[in-house]
Amino acid sequence: MKNMKKFVCLLLAALTVFALCACGSSGEKSALQEIKDSGVLTVALSPDFSPMEFVDSSKTGQEQYVGFDVMLAQFIAEELGVKLEIQAMSFDACQTAVSTASVPMSISGFSWTEERAENFELSDYYYAGENETEQVLLIRKADADKYKTAEDFDGVDVGAQNASLQMMMVTEQLPNAKAYTIGDIGVGVLELQSGNIEALAVAAGNAEMIVDSNPDLMVCEWEFDVKAEYEANVVLITKGETELLEAVNAALQKAYDEGYYGVWYEEAVELAKSETAMNLTIEDDASNG
């Protein structure tokens with residue numbers, strides 16, 4: 001009887017292990033496996049942020065999306081051996097789409113933040129010109145003498161994109177200003193020009209492109225203090241998708257080793273200065289490719 005009880009216990013233990021293994025093997029595919037099986041890497045981005053991601057109005061469909069991050073996304077897709085598909089949406093919608101696994105990743109000029117580190121898998125850093133090293137305020141050129149210090153913005157509306165590093169910096173480094181949320185950078189530029197806001201927080205590289213096409217605006221001489229951890233961009237990946245994270249990091253390292261970052265950024269800047277370059281407001285777009 002004692003041996004029989006021992007046998008039954010061992011049998012039950014074996015069945016439990018088998019059941020656990022069966023459950024593990026019947027689980028859902030990882031995002032990386034789904035990408036490889038489908039042959040398509042879907043990447044969300046907000047095409048209102050030249051030279052990182054914007055639109056070439058002379059093209060349609062997927063071909064209209066251009067910029068540094070688009071080149072990077074294409075490189076990652078090629079490294080995975082699949083086709084790239086861009087899903088254009090607002091900046092905050094990109095983050096929601098990744099967090100809910102509607103898309104596996106977003107490449108849209110994201111900086112590292114503690115909140116993002118908690119809610120997403122964040123890739124290793126990648127570098128793209130002045131978009132990481134400097135964060136600035138755009139003001140109207142007519143107000144050059146009015147706004148020169150942080151205190152000059154006390155009590156006035158300062159715009160920043162929703163769920164962005166710039167919004168975090170406005171609230172932290174301009175605590176007495178009135179943080180004004182915008183969904184789209186193009187809309188923010190219009191708000192600034194019309195006088196609805198007094199300043200717009202953007203990355204320096206993006207500011208250069210905006211001023212180039214809007215000579216009534218300028219970069220304020222006061223700049224944000226950018227911490228070292230914010231001085232580069234990261235790819236946002238759905239939490240838990242560590243296999244995809246490893247594959248993306250491998251692609252980023254290869255792009256860095258082969259010297260593509262500088263080449264891509266220069267090419268993106270030239271594209272952003274062309275007559276057909278456009279920062280797209282998603283709400284106005286009826287035919288995302």
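**Reading a helix and a cavity**

Tutor: Start with helix 11, residues 260–272. Helices are DSSP runs of H or I with at least four residues, strands are runs of E with at least two, and both are numbered from the N terminus. The expected span is 1.5 Å times one less than the number of residues. So the 13 residues of helix 11 should span 18 Å, and its end C-alpha atoms are 18 Å apart, which agrees. This is a predicted model: local features need pLDDT of at least 70, side-chain atom pairs count only at pLDDT 80 or more, and totals for chains, interfaces and linings use all residues. Residues are numbered from 1 along each chain as its sequence is written, and side-chain values use heavy atoms, without hydrogens and water.

Student: Which residues of helix 11 are buried?

Tutor: Buried means under 20% relative accessible area, and exposed over 50% (1.4 Å probe, protein chains only). In helix 11 the buried ones are Tyr261, Trp264, Tyr265, Ala268, Val269 and Ala272. They fall within an arc of 135° seen down the helix axis, so they line one face. The arc uses directions from the axis to the C-beta atoms.

Student: Which exposed residues does the face turned away carry?

Tutor: Glu266 and Glu270.

Student: How much space lies in the largest cavity?

Tutor: Rolling a probe the size of a water molecule over the atoms shows where empty space is left. A cavity is a set of points, on a 1 Å grid over the protein atoms alone, where a 1.4 Å probe fits but cannot get out; lining residues have an atom within 4 Å of a point. Here the largest cavity holds about 170 Å³. Closest to its centre, of 20 lining residues, are Phe49, Phe91, Gly109, Ser164 and Gln166. Strand 5 gives the most to the lining, four residues.

Technical notes: 1 Å grid on protein atoms, 1.4 Å probe; cavity = no way out; pocket = protein on both sides within 12 Å on 5 of 7 lines; lining within 4 Å. Points joined across faces, edges and corners; volume = space filled by probe spheres on them.
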